[in-house]
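Please look over the sequence and the model shown here before reading on.

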Amino acid sequence: MRFHLTRFAVATRFTLIEHGRNRFAMVLVILFVPVWTSLAYLVMPDAPARMRLRATGEALAPHGNELTSISGALNAVTLITGFMMFAATFSGSGFDRRLAMAGYPRAHLVLAKVTALALVSAAVAAYATAVIYLAWTPRQPFLLAAALFCAALTYGALGVGFGSLLHREVEGMFAILMTSIIDLGLQNPITSSGTDIPVIRYLPSYGAMQASTAAGFSASPVPGHLAIQLTWFAGAALLALRGFRHSTRNCLPPATPAPPPGPGSSKAGLPAPRQAATPSAAASDTETH
């Protein structure tokens, strides 16, 4: 038991150190979350936006800027978490491969990545919730933090999967960016008129969007939509696990054992090495000549 805990602690420490070295991601967390959320709140008009919340069936009329700030917080959280996990996975794939080939247990490496993802998602979600709370007061702040946390988990797992499967850094960045923009842009009732289309339910952050909207403007709990978001996280985690197994596979050809020497082996037909003549034999040859 102590062996497994030690391996898990070492892998988690190295993973967190890798995240800490990403200073650009730290700057994004500190600046991008409040800037993007505050701009969404200040720029959009505060006129009521009539909508029907699918999670509860209630007809709501929240202020447009408050509704957009929730969408902006979700967009910021998903982008930052996805970028952080993609960067750590992409840059550390070679190190993980060498560890796996050297015999380090893959299960401990995977658990370390999941632990780091959970810690990063919790920190970013709590920070985004605090930023929203400074601008206006959601009706269920803990539910809002839980929805942001689940969305961050999902996109963080997608970032791990993209970092393991894609071969160039620009491909992963573009994949995360476009996924988040399309996903959340289609669900914002302020900017999109197609929020009632049934296909919206199959978007990656549908559960988090419904839960965070209910947290902001309704008193009804929506545990089912948090479960939907966790289901998306489970699917993204399976993709990440498959990509991690693929990136840490052993690419060396299997060593073929040498055949034992015998009559049928290739060494049997080779001539015996020539031995140097002894002094007595050399002298007798000289006398003969």
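At roughly what angle do the axes of helix α2 and α4 cross, and within what distance do they come? The axes of helix α2 (residues 23–43) and α4 cross at roughly 35 degrees and come within 10 Å, where an axis is a line fitted to C-alpha atoms, for helices over the stretch in contact, and angles run from 0 to 180 degrees between N-to-C directions. The helices themselves, like the strands, are DSSP runs numbered from the N terminus (H or I, at least four residues, for a helix; E, at least two, for a strand). On the α2 side the contact (heavy atoms within 4.5 Å) is made by V29, I30, V33, P34, T37, S38 and Y41, and on the α4 side by V124, Y127, A128, V131, I132 and A135. These residues divide into 11 nonpolar, two polar and no charged, with Ala, Val, Leu, Ile, Met, Phe, Trp, Tyr, Cys and Pro counted as nonpolar, Asp, Glu, Lys and Arg as charged, and the others, Gly among them, as polar.

This is a predicted model, in which local features need pLDDT of at least 70 and side-chain atom pairs count only at pLDDT 80 or more, while totals for chains, interfaces and linings use all residues. Residues are numbered from 1 along each chain as its sequence is written, and side-chain values use heavy atoms, with hydrogens and water left out.

Helix α4 (residues 106–135) also packs with helix α8 (residues 223–247), at an angle of about 140 degrees and with their axes 12 Å apart. That angle makes α4 oblique to α8, because angles under 35 degrees count as roughly parallel, over 145 as roughly antiparallel, 65 to 115 as roughly perpendicular and the rest as oblique. The crossing of α4 and α8 is right-handed, and the contact brings together R106, L109, V110, K113 and L117 of α4 with F233, L241, F244 and R245 of α8. By class, the contact of α4 with α8 has six nonpolar, no polar and three charged residues.

The protein chain as a whole has nine helices and two strands, following the pattern α-α-β-β-α-α-α-α-α-α-α along the sequence. Of its 289 residues, 42% count as buried, which means under 20% relative accessible area, with over 50% called exposed and values in between partly exposed (1.4 Å probe, protein chains only). Among the contacts in the protein chain with a separation of 6 or more, residues 24 or more positions apart account for 76%.

H108 lies in helix α4 and counts as buried at 8% relative accessibility; not counting residues up to four places away in sequence, H108 touches H4, R7, F8 and A11. A100 is found in helix α3 and counts as buried because its relative accessibility is 17%. Leaving out residues up to four places away in sequence, A100 touches R106 and T248, and its C-alpha atom is separated by 9.7 Å from that of R245, 145 residues apart along the chain. A87 is also placed in helix α3 (residues 64–101), and A87 is buried, with a relative accessible area of 18%. A87 and V160 are 73 residues apart in sequence and 8.5 Å apart in space, C-alpha to C-alpha.

Notes: A crossing is left-handed if the near helix is turned anticlockwise from the far one by less than a right angle, and right-handed if clockwise.
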